[in-house]
Amino acid sequence: MQEGGPPRAQVTPSFLESIKLITSSYDRCRALMQTTREAILSNQLVLAHRTLEEASQAALAEPPGLPHDQLLIEAITITGLLTDAVIREGRVQTVAADDGDRPAALPRSRDPRQMAQLVVLEWKRAGVLADSITNPTYRNEFEARVAEGMSRDSSKIIGEVVRRSEAAAALGESEKIDARNVKFYEQSAGSLLEEAARIATAIERPIWRFAALERVAISAGESRQFAMGMDIASRINNAEARAQAFVLLAESETRANRAEEASESYSQAAEAIARVEQGGLRGVLTGYLVDSLITSGRFEDARASLVLYPTEGEKFVAMGAIAESQGRRGGADRAREWIAREAPPSYRSALYRRVNDGVLESVGNERQNQYYTPPGAR
């Protein structure tokens, strides 16, 4: 609040000038980052970008050590807050002009190119900050967080902007984005995802590298950048992380009605699981794969994956789940044929019962649907 004047709802240029009085790089950095947080809340996103850039420079100027690393970590954290606000708003706004009584009105127009460029720029700077952290443990962790943040925002640009525009266009609404701008969004999202993969691949410690690459590949699937997702997942040397990435990528491909690509991803996941030497872990991952295949209605593929289980007990439990789900989805006859043809005699009785359980469950669900009255239709 200015003395003798009304309260301010935004950060003003005069306040920014006062920060220059702080000579300590540490204190100036903290002041700039706090200002950035307030600017984000005030929707002064261009101002937030500028103050965060100055804060980052001040953090890098701090001598190596714990305070230096803490400042860099906070700047990276604020980067995620800023890019989230930029994508959510779909526009950037200028610094409020100090015109005496109140700040000048801010423009509300949508500028997709500026928005996308700002998000990419913010995260690239965060990548430099993460690489400058002196403590190796923190450095690896926050390089992974930057890669994940990049991939998350890449997915948001596609999911919350491009897909939203497509839905609006289908309904004839005004939120439709020009085709050239949609292409620009898609290219920006792809660029961000490629940079995320580059940072993740360069992480020194395997545990953080594998986790980051897995998250980046999954985000590629969520945003339907499937070719890039397949490429990134294939770079993961750890069989466990590679299997999980390919399974979730396959689920995204299934939701997008890309059956052929999903088959390839599931195949890559099964191959990765087969390379896991620890029996217990291989059993868990196989269960993960089989559950996903069942959910996708790929019963034949689920049955083919049973050989990956390390124990007969796990295999029997999975066979029961397959039989029941297939019965529930109208495939009872095919499930019984499979049981008669392939299941060990000692398993058949229990498996036939599981098929019947699935059929009865579908009957009960159908009965509930017949008597269900949607809200508002009464």
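Reply: What follows goes through the salt bridges of this predicted model, and then turns to the helices.

Across the whole structure, a search finds 21 salt bridges.

Take Arg125 and Glu122 to begin with. Their side chains meet in a salt bridge with an N to O distance of 2.4 Å. Both residues belong to helix α5 (residues 112-131), where they are three residues apart and so separated by about one helical turn. An α-helix has 3.6 residues a turn, so residues three or four places apart point the same way. Arg125 is buried, because its relative accessible area of 15% falls under the 20% cut-off. Glu122 is buried too, with a relative accessible area of 1%. Elsewhere, salt bridges with shared partners link Glu324, Arg328, Arg354 and Glu361 into one network.

Asp84 and Arg88 form another pair, with 3.1 Å from N to O. They lie four residues apart in helix α4 (residues 66-89), which again means a separation of about one helical turn. Asp84 is partly exposed at 27% relative accessibility, and Arg88 is partly exposed at 48%.

The side chains of Lys20 and Glu17 also meet in a salt bridge, at 3.2 Å from N to O. Here Lys20 is exposed, with a relative accessible area of 62%, while Glu17 is partly exposed at 46%.

Now to the packing of helices. Helix α8 (residues 206-222) packs with helix α10 (residues 239-255) at an angle of about 10°, and their axes are 8 Å apart. That angle makes α8 roughly parallel to α10. On the α8 side, the contact is made by Phe210, Glu214, Ala217, Ile218, Gly221 and Glu222. From α10 come Ala241, Gln244, Ala245, Leu248, Leu249 and Ser252. Sorted by class, the contact holds seven nonpolar, three polar and two charged residues.

Helix α9 (residues 226-234) has Phe226, Gly229, Met230, Ile232 and Ala233 buried. These residues cover an arc of only 165° around the axis, so they sit on the same side of α9.

Glu261 is partly exposed, with a relative accessible area of 31%. Between Glu261 and Ala227 there are 9.2 Å in space, C-alpha to C-alpha, although the two are 34 residues apart in sequence.

Definitions and conventions:
Residues numbered from 1 in each chain as written. Predicted model: local features only at pLDDT ≥ 70, side-chain atom pairs only at ≥ 80, totals over all residues. Heavy atoms only, no water. Buried < 20%, exposed > 50% of the residue type's maximum accessible area, 1.4 Å probe, protein only. Helix = DSSP H or I, 4+ residues; strand = E, 2+ residues; numbered from the N terminus. Arc of directions from axis to C-beta. Axes fitted to C-alpha atoms, helices over the stretch in contact; angles between N-to-C directions. Parallel < 35°, antiparallel > 145°, perpendicular 65-115°, else oblique. Contact = heavy atoms within 4.5 Å. Nonpolar A, V, L, I, M, F, W, Y, C, P; charged D, E, K, R; others polar. Salt bridge = Lys/Arg side-chain N within 4 Å of Asp/Glu carboxyl O.
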